[in-house]
Amino acid sequence: MRRPNLSASRRAEPPFDERRLEGVRARRPADLEAFFHSYVGLVERMIARLVGPTAELEDLVQTTFAEALHNLSRFRGEARLGTWICSIAVHVAQHHLRAGRVRRHVPLELVPDDLHTVPSRSEGPSARDADQTIDGRRLAIRLHEVLDHVSAKKRIALLLYVIEEQTIEEVAALMNATQTATRSRIFFARRELRNLIAADRELRELTEGLLVDRLTRGGP
Amino acid sequence: MTSCRRVRRILLETVRGTASDASRLLADAHLNACPGCREERARWALVGLAKRAAPQRLDAAAERRILQSLTHTQAGSAKRTMGLGTRRAPRTSLALAAGVALAIAVGWFAVARGPRRSDEIADGFELRAKMPGTLLFSGAEIRYEPGTELTLHRATRTVSMRQGQIDLDVTPGARSGLFRVATSRFVVEVLGTSFRVTDNAVHTWRGKVRVADPMGRELALLRAGESWKLPPEPSVIAVAAPALQPAAGTVAAPGAAQPVVSRRLTARRAVASVDVSALIAQARTALAQGDSDTARAACDQALRTTLSRRETATVRLLRADSLLVARHFDDAISAYRAVVRLDPSAPQAETAAFAIAQLLAEHGSPAAARAAWEEYLARHPYGRFVREARERLDEARARP
């Protein structure tokens, strides 16, 4: 299968020149550290988006980097290094989801500092922001719990497309699939997610709340 | 009029942030007249809200641990790397063959010299490592890091690890019976495999290992390449009790797992009583070895001192665990209930609530078990054991 050109990616990729890449291949500590710091944010974000809040994030990021370093000799520079590492992260996430043992409990040390000290409602907009952040986080947990019922391939295709805003071509390349298969996975994942949200009491109530909110505001 | 199908595609593009103004206007006109599509929009609005939530991030310490581990792994043996192997160049085959021949020769020499080093290790051998090193024990090669403290029990093929990190390579069939690594909170059992154990995690490189709690209940079954991590409870913090700290001058190994410590608790731990921490550690060690009397005595002694709220919950939970190990099920249920009553918001209360439901499911009436599962789910809708609790509740409901 011909690989699509992913150079038009919207995300800025940290620079990593060939000389440093050689250093990583030779396992020079300074280059290894630079390589890690250049891509750890990207990998964390990708895995967190695909797997959802989990206590195993650290293990998954570590596995991704271990696999990347182990297979670095295979990287031929056809795609950007960031894209190549993201494809490994996608595979690690897929493998993890297929194992079906995602623990949704997030350890305290993984929760950002600002969530430890939630201000009271009387403190104004900042308090509301913090509440919204927590609500968004809870909602994300619930949605990922619901998505646990969708197969790993379909779920990842949908999340890459909707949440990560990748194009069909990029999703297909990251998942090593054809564009037709990717479209099909997204279509079925959408349908399953719609049914699962409708069947979930908590999410259904939230949906109804949003519906009422829009109607009372008079907007479409 | 725009079709529902087209509008739903526009809604998806809106969530992605790629819908044009023109298509959104088209959709708005349709949505005024179509309740079905309005519902669909509300569903996608939920996804949009979740999308706006910042994704989970690792803290600097976790990133540092990963980097140390990667550096350590790359510097160590090739066996430690996971995944598919790289294609070997043909010219390396000669060197490989020479290496194998050398290994066979060295192996034969080592065997011909007499007993292995492990045979010279007395039962109950205790290690407090200040330098990294390797031990051969009961058919296993144990590589330890500085700061590791362990005891070897030959009769039971058990390594009791109090702290630190060890990498093990257990040869299948070298000795009869399971090889075990017991920490204060969990036990790892293997027949023959290569794996790593730290204070709070296990990673398997080859074969399969079983992780169980001190009571023998299975926590995880790990295949090659899989990892397991102890759920981070405040009780884990006490593993790093002052009494069990490495000797002065001991340097933490690169890649060694750091104790799970929440920022809020760090300051308080600094002023915590040494005796209480030591008693908690003693109770855990005793529980890991199945000695419920010693564990309970340590807990009772700790409860007679001045404890913080969290320490009280930890000690009471350990005491309840000791009753469970001693098979005093009714007393254990009462003790777990006391933990829940004492501080319902504490993480120990969640563990206790789950234990109550499990005990009632195994030793109580089905109705009581159902009520306990329902109570657990009501109290902890985002808890650590929600999925299992739901499954067990469904099972309980399915029974007549």
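Biologist: In what order do the strands stand in the open sheet of 6 strands in chain B?

Modeller: This is a predicted model, where local features need pLDDT of at least 70, side-chain atom pairs count only at pLDDT 80 or more, and totals for chains, interfaces and linings use all residues. Residues are numbered from 1 along each chain as its sequence is written, chains are lettered from A and ligands numbered from 1 in the order in which they are written, and side-chain values use heavy atoms, with hydrogens and water left out. Strands (E, at least two residues) and helices (H or I, at least four) are DSSP runs numbered from the N terminus, and two strands pair if DSSP finds at least two bridges between them. The pairing in this sheet is antiparallel, and the order is 2-3-6-9-10-13.

Biologist: Which residue is the bridge partner of Tyr144(B) in strand 6 of chain B?

Modeller: Strand 3 (residues 140-144) and strand 6 (residues 165-170) of chain B pair in the antiparallel sense over 5 bridges. On strand 6 of chain B, the partner of Tyr144(B) is Ile166(B).

Biologist: What is the strand order of the open sheet of 7 strands in chain B?

Modeller: Its pairing is mixed. Strand 1 (125-128) and strand 12 (218-222) of chain B each have a single partner strand, so each has one side without a neighbour in the sheet. Neighbouring strands are turned by 20° against each other on average, direction ignored. The order is 1-4-5-7-8-11-12.

Biologist: Which residue in strand 5 of chain B is the bridge partner of Glu149(B)?

Modeller: Strand 4 (residues 149-153) and strand 5 (residues 158-163) of chain B are antiparallel, with 5 bridges. The partner of Glu149(B) is Gln163(B).

Biologist: What is the volume of the largest cavity?

Modeller: A cavity is a set of points on a 1 Å grid over the protein atoms alone where a 1.4 Å probe fits but cannot get out; lining residues have an atom within 4 Å of a point. There are 5 cavities of 30 Å³ or more. The volume of the largest cavity is about 280 Å³.

Biologist: Which helix gives the largest share of the lining of the largest cavity?

Modeller: The lining has 22 residues, with Arg49(A), Ala140(A), His144(A), Ala50(B) and Lys51(B) nearest the centre. Helix 2 (29-51), helix 6 (125-147) and helix 7 (152-162) of chain A, and helix 3 (35-52) of chain B, each supply at least two residues. The largest share, 5 residues, is from helix 6 of chain A.

Biologist: At what angle do the axes of helix 10 and helix 11 of chain B cross?

Modeller: Axes are lines fitted to C-alpha atoms over the stretch in contact, with angles from 0 to 180 degrees between N-to-C directions. The axes of helix 10 (residues 309-325) and helix 11 (residues 329-342) of chain B come within 8 Å and cross at roughly 165°. That makes these two helices of chain B roughly antiparallel (over 145 degrees), at roughly 165°.

Biologist: At what angle do helix 2 and helix 4 of chain A cross?

Modeller: The axes of helix 2 and helix 4 (residues 81-99) of chain A come within 9 Å. Their crossing angle is roughly 40°.

Methods: 1 Å grid on protein atoms, 1.4 Å probe; cavity = no way out; pocket = protein on both sides within 12 Å on 5 of 7 lines; lining within 4 Å. Points joined across faces, edges and corners; volume = space filled by probe spheres on them. Parallel < 35°, antiparallel > 145°, perpendicular 65-115°, else oblique.
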